[in-house]
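Subject: Structure for your review

Dear colleague,

Please find below the structure that I am handing over to you. My notes on what was found in it follow directly after.

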Amino acid sequence: MSKTTGFKDRNGIELKENDRIEIHQFLFDGNEIENTLTGTIVYDPNQMAFCLIDIENTFFYEHTGYGSTEEHPPIPIFQFYGLHDESFSKVRGVTRWIKQ
C-alpha cells in the first residue's frame with residue numbers, strides 16, 4: 001500500500017508514494033524563471049520526508065547545487081520553492097523503491 005503525501009494535484013487527486021508527478025514552479029534569481037520538472041515520489045526514512053527521485057530536468061540540477069552526476073540523492077519535496085496552488089500534476093503511478 002502506498003503512503004499518502006498530504007498533497008493534491010491541480011485536479012484534486014491525492015498524491016501518493018510511487019506516483020510520477022510534474023511540478024510547475026516559479027524561481028527567482030533577480031528575474032522570474034518558470035520551470036517544470038518531472039519526478040517520482042518516494043518516502044525516504046533517512047530524511048523522514050517524502051522526496052522526489054528520477055528528476056527529469058537538467059536545469060534543476062544545474063541551478064540548485066544538487067550536482068550534475070548520474071546519481072542524485074532523493075530531494076525532499078519541502079525543499080522545492082516557488083510552488084503555487086496548481087504546482088502538482090499526477091503523470092502516472094509507478095513502482096520504485098528507495099534503497100534502505
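Phe-7 is partly exposed, at 32% relative accessibility, where buried means under 20% relative accessible area, exposed over 50%, and partly exposed in between (1.4 Å probe, protein chains only). This is a predicted model, in which local features need pLDDT of at least 70 and side-chain atom pairs count only at pLDDT 80 or more, while totals for chains, interfaces and linings use all residues. Residues are numbered from 1 along each chain as its sequence is written, and side-chain values use heavy atoms, with hydrogens and water left out.

The structure holds two aromatic pairs. Rings of Phe, Tyr and Trp (its six-membered ring) pair if their centres lie within 6.5 Å; planes under 30 degrees apart count as stacked, over 60 as edge-to-face and the rest as tilted. Phe-7 and Phe-88 have ring centres 5.1 Å apart and planes at 45°, so this pair is tilted. Because Phe-7 belongs to strand β1 (residues 4-8) and Phe-88 to strand β7, the pair ties together parts that are 81 residues apart in sequence. Phe-88 is buried, at 7% relative accessibility. Tyr-43 and Phe-50 form an edge-to-face pair, with 5.3 Å from centre to centre and 70° between the planes. Of these two residues, Tyr-43 is partly exposed at 23%, whereas Phe-50 is buried at 16%. Strands here are DSSP runs (E, at least two residues), numbered from the N terminus.

How many salt bridges does a search of the whole structure find? The search finds one, a salt bridge being a side-chain nitrogen of Lys or Arg within 4 Å of a carboxyl oxygen of Asp or Glu. Asp-19 forms it with Lys-90, and their closest N and O atoms are 3.5 Å apart. Asp-19 lies in strand β3 (residues 19-28) and Lys-90 in strand β7 (residues 88-93), so the bridge ties together parts that are 71 residues apart in sequence. Asp-19 is buried, with a relative accessible area of 6%, while Lys-90 is partly exposed at 37%.

Glu-17, in the loop between β2 (14-16) and β3, is buried yet has no salt bridge. Its nearest side chain of opposite charge, Lys-3, is 4.2 Å away; Lys and Arg count as positive and Asp and Glu as negative, with His and the chain ends not counted.

Seven of the 10 residues of β3 are buried, so this strand is largely enclosed by the rest of the structure.

Yours sincerely,
A colleague

Key: Helices (H or I, at least four residues) and strands (E, at least two) are DSSP runs, numbered from the N terminus.
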